[in-house]
Amino acid sequence: MTTGVGSTEPEKSGGADLRGAGAGSWEPVIGLEIHVQLKTETKMFCRCRNGFGGEPNSQTCPVCLAFPGALPVPNRRAIEETIKLGLALDCTIAERAVFHRKNYFYPDNPKAYQISQYDEPLCARGHLDVPTEHGVTRIGITRAHLEEDAAKNVHVAASGRIHGATATLVDFNRCGTPLVEIVTEPDIHDAETAKRFLQLLRQTVVELELSDAELEHGSMRFDVNVSVRPAGSDELRTRTELKNMNSFSFAAKGIEREIARQIRIYEDGGVVEQETLHFDPAHEESPPLRSKEEAQDYRYFPEPDLVPVEPGKDLVDRLRATLQVLPGARITRIAETLSFYDADVLVTGGLDRLWTSLVDAGADPKEAANVLANQFVAAGIDPGTVDAGELAKLVSARAEIPRAAFDEALAKVGERGFSADPYLEQKVVADTAELDPIIQRIIDANPAQAEQYRSGKEGLLGFFVGRVMKETGGSADPRVVNERVRALL
Amino acid sequence: MTVDTLRLSAEEANGLLTRREASSDEIYRAYLDAIGERDPELHAFLYVCENDPGEGIPIAVKDVIGTRGIPTTAGSKILESYIPVYDSTVIANCRERGLRVIGKTNTDEFAMGSSTENSAFGPSHNPWDPSRVPGGSGGGSAAAVSAGLAPWALGSDTGGSIKQPAALCGHVGLRPTYGTVSRYGVVAFASSLDQVGPVARNVRDCAFLYSVISGRDENDSTTVDVPAVELPTAEDLKGLRIGVPKEMNGAAGIEGGVTAAVQSALELAESLGASVEECSLPRSVDYGVACYYLVAPAEASANLARYDGVRYGLRDDGADFREMVMKTRDAGLGDEPKRRIMIGAYALSAGYYDAYYGTAQKVRTVIKREHDALFERFDVLVSPTSPTVAFPIGAKIDDPVAMYMNDVLTIPSCMAGLPGLNIPCGLSEGLPVGLQLIGPQFGENTIFRAAHALEQAIGFDVVPERLR
């Protein structure tokens with residue numbers, strides 16, 4: 001199931017109303033740090049398989065277990081894919097990039113240093129243009145660098161948290177898998193844009209086939225830095241970091257909540273503390289994880305086991321040539337035909353190519369977008385398996401065939417050899433001569449409900465319509481049924 | 001036939017094999033017998049292999065070099081129980097040529113030291129005088145080769161750990177150009193400096209062993225393709241331009257007997273056709289040791305952080321992860337590694353990085369340039385390897401800085417990544433004096449040629465007098 005798809009309408013803001021009580025004088029400043037796990041065959045610095053799942057510690061070797069004497073050898077593919085992403089983000093690709101050691105002790109970090117990049121990353125100074133309903137917002141990309149992921153710690157205790165745990169088990173399968181870290185400039189000023197940026201970035205890495213970028217598997221993770229400042233000022237105030245958000249909508253909610261919290265603190269004359277907040281959607285507050293006073297000194301220094309990476313111009317040009325039209329540009333293009341929201345949902349849901357095919361096959365653009373964003377997504381069908389011609393026929397006939405037939409057909413639209421024709425032959429029943437006796441029978445069978453309706457409980461209309469639809473096996477035209485039930489009651 | 005391990009070179013031992021005068025097993029057993037006879041006094045070995053497979057001659061291996069199925073402790077309690085699951089590349093290379101590991105030799109803990117006195121398992125003793133150190137950190141390999149307990153050995157050199165023990169025990173040792181020999185499987189001390197190299201009784205054996213272990217390794221990204229190794233045969237030094245850095249020959253602390261032996265070797269070189277000219281490496285000698293003692297500990301502080309008791313080696317249980325790691329490291333690491341971890345962590349810390357590690361890296365570039373400039377005029381540079389002959393066990397153990405100064409002459413070329421080779425050039429007070437030949441990057445063949453001719457002319461008997 002793709003994240004962030006399912007509605008063609010904008011989500012109502014559930015958080016703080018920034019226009020209230022003098023709050024219009026505050027401007028939020030938001031920066032994002034995103035980690036994307038590359039789906040290379042092998043790990044970043046050894047030849048172990050890079051794959052989700054597998055028996056714990058079955059995908060390990062002396063290198064990723066940090067045995068004495070083991071040395072890292074960089075994964076060429078991972079470097080190329082990071083460059084590709086850098087190019088998609090309009091970054092400058094370094095002529096000379098350096099891996100650094102980032103030192104810290106933690107059981108998930110067997111060398112006690114992570115091989116990462118520090119002041120000479122592979123990709124820097126790029127941007128991602130995020131289409132919004134008000135036009136394009138350009139978000140600066142500070143850097144995109146390559147590093148290795150940590151192992152997974154399993155704290156053995158009922159709470160699942162570190163506190164109270166009696167033991168920690170470590171699964172090193174994930175240890176040393178390639179990870180790209182993308183850091184944005186603090187160019188984002190509202191939660192909605194942050195969410196759109198994340199959705200667009202996700203779609204970009206998925207289309208580049210760099211990563212599955214699945215939030216629920218952790219192959220895409222992100223942290224959000226939030227601060228607020230008086231509107232019109234260019235100062236950067238103390239920021240807090242939101243971690244552990246596992247959906248884009250949660251992120252938007254968390255950001256709004258944090259913005260409101262900081263504004264409240266400033267307006268009450270307080271000071272925002274630099275801290276990391278663990279976002280928990282079940283609770284109203286974001287409890288602090290740790291304050292920055294305990295921040296580590298990572299003692300970065302150039303990794304002496306590796307030589308600098310020097311991507312040649314030929315390689316960069318070759319990778320640049322593989323890039324196709326990126327999702328942001330496609331949203332802008334489709335938004336010329338549809339609403340911005342529809343365009344956004346189609347592209348970030350990976351549905352826009354199918355949509356284009358449907359329109360080419362004669363389907364109404366708006367109707368096609370509605371079907372794709374709602375029923376099609378709900379049916380969980382892979383867009384790549386669909387015969388667009390057949391689906392276009394279904395979309396065009398949606399109003400003329402029974403709802404049940406449409407749903408049944410849609411569920412099978414991904415099957416090999418699917419044909420819409422048998423479903424198109426089923427016609428919706430709109431003939432009042434056929435429907436009225438059925439409706440009357442149902443009214444007679446439910447006198448109490450009929451009485452309540454007549455005395456003003458209009459909500460019961462749906463009860464009768466539902467019964468009629470059921471009675472007719474879904475073949476009745478709901479519009480006509482509605483009309484006739486009302487008349488006969 | 002009897003195998004005279006005390007006098008046999010590796011080439012000669014191999015000759016016995018190829019002429020079928022002795023079997024691989026007979027030769028192996030002869031060295032085991034020698035170990036049984038002389039190692040109780042010398043303590044060159046931390047582990048002796050009963051019968052390592054192979055059809056060739058034996059080799060002793062410094063205990064920082066990982067050997068599959070054979071304990072590899074790096075001279076540390078923290079790895080006392082560690083048995084590698086894989087061979088280092090250099091060991092794999094040796095095995096491909098039929099060489100059989102005869103045992104693992106003593107070393108200062110994690111190769112940190114100049115005397116083997118920092119070994120967690122006690123010091124080795126100099127075969128020329130057992131009351132004295134064999135040098136370090138590779139004192140075990142040096143003592144083993146010197147006393148005929150192995151025809152040759154592998155060592156590792158970070159700031160002089162092959163060259164200095166070779167000097168103090170009176171034989172040949174090469175620290176190769178950085179990047180020519182794989183470090184894969186070798187317990188890391190300071191990654192940008194560590195190099196494995198041969199320890200041998202003569203220059204030809206040394207060159208041959210270098211040809212076995214060198215070359216690009218896909219498991220070590222810092223390795224490169226290496227020029228074909230030429231076994232030296234030349235007896236003269238015609239056309240060789242020798243530079244003699246005055247700071248490395250006239251430094252305070254160089255013993256008179258050492259200076260005299262090197263001086264007469266230089267005169268011999270001239271008589272063999274070499275030109276000898278004084279030159280200068282002012283910054284390299286002044287700042288080399290200070291620079292080394294920032295770079296090496298910094299890298300060590302990260303390299304030794306993996307010994308946490310989680311996956312292998314010693315574990316001292318604690319209430320939580322942090323306490324377990326602290327107790328394990330406190331119990332498992334000796335004073336010298338602790339000292340260097342602290343120096344290194346400090347040098348890398350925020351606020352100190354630029355002043356210490358950052359500056360040291362810049363100085364390192366200066367040292368490299370200073371050497372490069374000299375190699376536009378000279379083929380090799382010559383100096384004493386160690387300022388002193390072997391010193392008594394215990395003499396410097398309580399004075400780390402005095403101990404560090406042992407390496408003042410070997411460190412600069414290590415910092416520059418250059419090859420350096422020790423040959424014995426005479427005796428002072430009955431103890432061997434070592435002469436160091438430093439070459440340009442990948443200049444091993446030049447060094448071998450010069451060292452071989454000089455070795456023939458000097459005619460030093462590598463068998464310790466008391467064992468003859």
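**Figure 1. A three-stranded sheet in chain A.** In this predicted model, chain A holds an open sheet of three strands in the order E4-E3-E14, with antiparallel pairing. Strand E4 (113-117) and strand E14 (301-302) of chain A stand at the edges. Each has a single partner strand, so one side of each is left without a neighbour in the sheet. Strand E3 (residues 99-103) of chain A pairs with E4(A) over five bridges, in the antiparallel sense. One residue pair to find here is A:Lys102 with its bridge partner in E4(A), A:Gln114. As background, strands of a sheet pair through backbone hydrogen bonds, either parallel or antiparallel.

**Figure 2. The loop residue A:Asp190.** A:Asp190 lies in the loop between strand E9 (178-184) and helix H2 (191-207) of chain A.

**Figure 3. Chain A as a whole.** Chain A has 15 helices and 14 strands. Of its 489 residues, 43% count as buried. Consider the contacts in chain A with a separation of 6 or more: residues 24 or more positions apart account for 71% of them. The domain assignment of chain A gives domain 1 (26-319), domain 2 (351-424) and domain 3 (432-488). The centres of domain 1 and domain 2 of chain A, taken over C-alpha atoms, are separated by 38 Å.

**Figure 4. The contact between chains A and B.** How many residues does each chain give to the contact? Chain B gives 36 residues and chain A gives 25 residues. On the side of chain B that touches chain A, the elements that give two or more residues are helix H9 (282-303), helix H10 (321-332) and helix H11 (335-348) of chain B. H9(B) supplies the largest share of that side, three residues. By class, the side of chain B that touches chain A has 19 nonpolar, 10 polar and seven charged residues. The predictor gives the complex an ipTM of 0.96 and a pTM of 0.88.

**Figure 5. B:Tyr346 in helix H11.** B:Tyr346 is found in helix H11 of chain B. This residue is partly exposed, because 17 other C-beta atoms lie within 10 Å of B:Tyr346, a count between the limits of 12 for exposed and 20 for buried. Follow the chain to B:Leu294, and B:Tyr346 is 52 residues apart from it in sequence. In space, the two are 9.3 Å apart, C-alpha to C-alpha.

**Figure 6. The sheet of 11 strands in chain B.** The mean pLDDT of chain B is 97, and 100% of its residues reach 70 or more. Chain B contains an open sheet of 11 strands with mixed pairing. The strand order is E1-E3-E2-E4-E6-E5-E10-E11-E9-E7-E8. Which strands are the edge strands? They are strand E1 (45-48) and strand E8 (275-279) of chain B, and each pairs on one side only. The twist averages 30° from one strand to the next.

**Figure 7. A helix across the sheet.** Helix H6 (residues 203-213) of chain B lies across strand E4 (152-157), strand E5 (172-175), strand E6 (195-200) and strand E10 (420-428) of chain B. Compare the directions of the helix and one of these strands: H6(B) runs at about 145° to E6(B).

**Figure 8. Strand E9 of chain B and its two partners.** Why is strand E9 (residues 380-384) of chain B largely enclosed by the rest of the structure? Five of the five residues of E9(B) are buried, so the strand is largely enclosed. Strand E7 (residues 241-245) of chain B pairs with E9(B) in the parallel sense over two bridges. Here B:Gly243 has B:Leu381 as its bridge partner in E9(B). E9(B) also pairs with strand E11 (residues 431-438) of chain B, in the antiparallel sense and over four bridges. B:Leu381 stands opposite B:Ile438 in E11(B). B:Ser383 has its bridge partner in E11(B) too: B:Gln436. In a regular strand the side chains alternate between the two faces of the sheet.

Notes: Residues numbered from 1 in each chain as written. Chains lettered and ligands numbered in written order. Predicted model: local features only at pLDDT ≥ 70, side-chain atom pairs only at ≥ 80, totals over all residues. Pairing = 2+ DSSP bridges. Contact = placed C-beta atoms within 7 Å. Domains from an automatic or database assignment. Nonpolar A, V, L, I, M, F, W, Y, C, P; charged D, E, K, R; others polar. pLDDT = per-residue confidence, 0-100. Axes fitted to C-alpha atoms, helices over the stretch in contact; angles between N-to-C directions.
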